[in-house]
Each structure stands twice: as structure tokens, then as C-alpha cells.
Amino acid sequence: MADTQQVDARAERKVAKLAREISAFAKAHGGAEGQVAHIGERGARIVLVGEDGGWGDLVAPSAEIAGKAVEKSGITVHESFDGEFAAKVKTGAYEWKRMAGIQVGG
């Protein structure tokens, strides 16, 4: 029973930390929306898109922890990273150069 309480306490600390990071991102970008995607054994990826088009991501140890963190942060969560949501992302010269470099082996 003590092990379960330790795991629960650790998970709650992780939820709180992620929620603070999400909230800080939202504050820095005039608000934010997100999407949670399962990434296998590594957990879940929380993709964040700010109202200003800025974007970032966080990795949570599980989809459950990611879900609790976005809920606690109060941001809007999308079921998928669809075209309408993706269109809010603003990319700059750096991102375009990196994407082109990946395509040509750079």
C-alpha cells in the first residue's frame, strides 16, 4: 500500500509540474490550445499552440498524467492535430530550413 501511495504522490507532482509549464506557456503566448498524443512506452506528448502561433511540446510519462495536466491547466484540448488546429502554428525561417534539410538528408 505504501508503494501505491508513493506512485500516486509522484504522479500528482508530475501532473502539477506539467500543469505549471502548460500555464506558463499559455501566459507567454496569449493563451494556448493543446493535443495529447500517445507515444508508446515513453508516455504521451502534449503539443501546445499559443494564440500568437508559437508552439512547443512536453512529454508526460503516461496519457493519464498528460490528460490530468492539461485539464488542470485549463487549456482547450483537441482530439487530433487536424488541419484547422495545425493552421494556427506559425513557423519561421529556422523551421522551414530544418524541414528542408531533413528532406534532403541535412
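Analyst: A residue counts as buried under 20% relative accessible area, as exposed over 50%, and as partly exposed in between (1.4 Å probe, protein chains only). This is a predicted model: local features need pLDDT of at least 70, side-chain atom pairs count only at pLDDT 80 or more, and totals for chains, interfaces and linings use all residues. Residues are numbered from 1 along each chain as its sequence is written, and side-chain values use heavy atoms, without hydrogens and water.

Some background comes before the close look. The protein chain has four helices and four strands. These are DSSP runs, numbered from the N terminus: helices are H or I with at least four residues, strands E with at least two. In sequence order the pattern is α-β-β-β-α-β-α-α. The chain has 106 residues, and 30% of them count as buried.

Now to helix H2. Helix H2 covers residues 63–73 and includes Glu-71. Ser-73 also lies in helix H2.

Take Ser-73. Its relative accessible area is 17%, so Ser-73 is buried. Its side chain reaches the backbone oxygen of Val-70 at 2.8 Å. Leaving out residues up to four places away in sequence, Ser-73 touches Ala-19, Ile-22 and Ser-23. Contact here means heavy atoms within 4.5 Å.

Now take Glu-71. Its relative accessible area is 66%, so Glu-71 is exposed. Glu-71 and Val-15 are 56 residues apart in sequence. In space, they are 9.7 Å apart, C-alpha to C-alpha.

Definitions and conventions. A polar contact is a pair of N or O atoms within 3.5 Å; within protein, one must be able to donate a hydrogen and the other to accept it, and residues adjacent in sequence count only if both atoms are side-chain atoms.
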